[in-house]
Amino acid sequence: IRGAHVLVTGILWIAFFIINFNVVMMIPLLPFIQRDLHLSPSESGWILAAFPVVALISNLALGPLIDRFGRKLFIIVGGVACCLTLLLTAASHSASMIVLSRAATGLFMPMIGASIFAALADYVPEPKRARAAGYVTTAAPIAFLCSLSMGVVVGGLLSWQVTVIGLAVVCATLAGLALTFPAPPLASLSS
């Protein structure tokens with residue numbers, strides 16, 4: 001479908017935004033979480049470490065599965081699962097629950113992240129790929145700026161949960177939008 005790559009690029013921009021927003025968001029939110037849940041420094045450290053430790057392992061493990069079953073499926077499942085784990089994070093009332101929900105997010109977020117640039121190769125014609133990749137990567141600095149400012153402002157004026165719930169909504173939106181991806185080329189799936 002002519003022009004479908006523009007829609008796919010926009011959806012992948014949202015996916016890259018989610019990945020980068022999630023990576024940064026706990027930093028400005030942590031003081032508010034510490035205050036509300038009366039966390040020790042050790043508990044705060046676990047909250048910050050849970051996501052990246054699990055995401056590191058998950059990224060390595062998921063690559064072959066994403067190649068085998070397709071990027072579209074993993075972006076959809078990852079979006080839905082991250083929506084749920086982020087809602088669980090927002091509903092948490094203890095350090096252990098936040099650590100577990102951040103670890104679960106680390107398990108599922110790589111379903112999205114490890115699929116982004118492979119999906120560009122699947123859906124964007126080769127002569128337009130570099131430009132599309134450039135557009136998608138602009139999501140990173142925008143996500144960093146939004147995450148830091150929203151974390152401080154929204155976390156301070158309302159509650160830390162609002163930012164987390166907002167990201168959950170964006171994850172659900174991503175899953176819905178990814179349903180519109182065209183069927184992947186058969187050559188993009190490994191056996």
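**Salt bridges and a surface patch**

Reply: Let's start with arginine 71, which counts as buried because its relative accessibility is 8%, under the 20% cut-off. Keep in mind that this is a predicted model.

Me: OK, so which aspartate does arginine 71 form a salt bridge with at 2.7 Å?

Reply: That's aspartate 122, and the 2.7 Å is the gap between the closest N and O atoms. The pair ties together distant parts of the chain, with arginine 71 in helix α3 and aspartate 122 in helix α5 (residues 116–123), 51 residues apart.

Me: Is aspartate 122 buried or exposed?

Reply: Buried, because its relative accessible area is 14%.

Me: And what does the side chain of aspartate 67 meet in a salt bridge?

Reply: The side chain of arginine 71, at 3.0 Å from N to O. Aspartate 67 is partly exposed, with a relative accessible area of 34%. Since the salt bridges share partners, Asp67, Arg71 and Asp122 end up in one network.

Me: How many salt bridges does the structure hold?

Reply: Three. One of them is between the side chains of arginine 35 and aspartate 36, again given as N to O, at 3.0 Å. Arginine 35 is partly exposed at 48% relative accessible area, and aspartate 36 also counts as partly exposed, at 33% relative accessibility.

Me: What does tryptophan 160 touch, leaving out residues up to four places away in sequence?

Reply: Leu29, Phe32, Ile33, Asp36, Thr89, Ala90, Ser92, Ile98 and Gly155.

Me: How far is the C-alpha of tryptophan 160 from that of alanine 104?

Reply: They're separated by 19 Å, and the two residues are 56 apart along the chain.

Me: Switching to the surface: which residues make the nonpolar patch?

Reply: Val80, Leu84, Leu87, Ile165 and Val169, for about 420 Å². The elements giving two or more residues to this patch are α3 (71–91) and α8 (160–178).

Me: Which element gives the most?

Reply: α3, with three residues. Valine 80 sits in that helix, and valine 80 counts as partly exposed because its relative accessibility is 42%.

Notes
Residues numbered from 1 in each chain as written. Predicted model: local features only at pLDDT ≥ 70, side-chain atom pairs only at ≥ 80, totals over all residues. Heavy atoms only, no water. Patch = residues over 30% accessible without salt bridge, like charges linked within 9 Å, V, L, I, M, F, W, Y side chains within 5 Å. Areas by Shrake-Rupley, 256 points an atom, 1.4 Å probe, with all protein chains shown as cover. Salt bridge = Lys/Arg side-chain N within 4 Å of Asp/Glu carboxyl O. Helix = DSSP H or I, 4+ residues; strand = E, 2+ residues; numbered from the N terminus. Buried < 20%, exposed > 50% of the residue type's maximum accessible area, 1.4 Å probe, protein only. Contact = heavy atoms within 4.5 Å.
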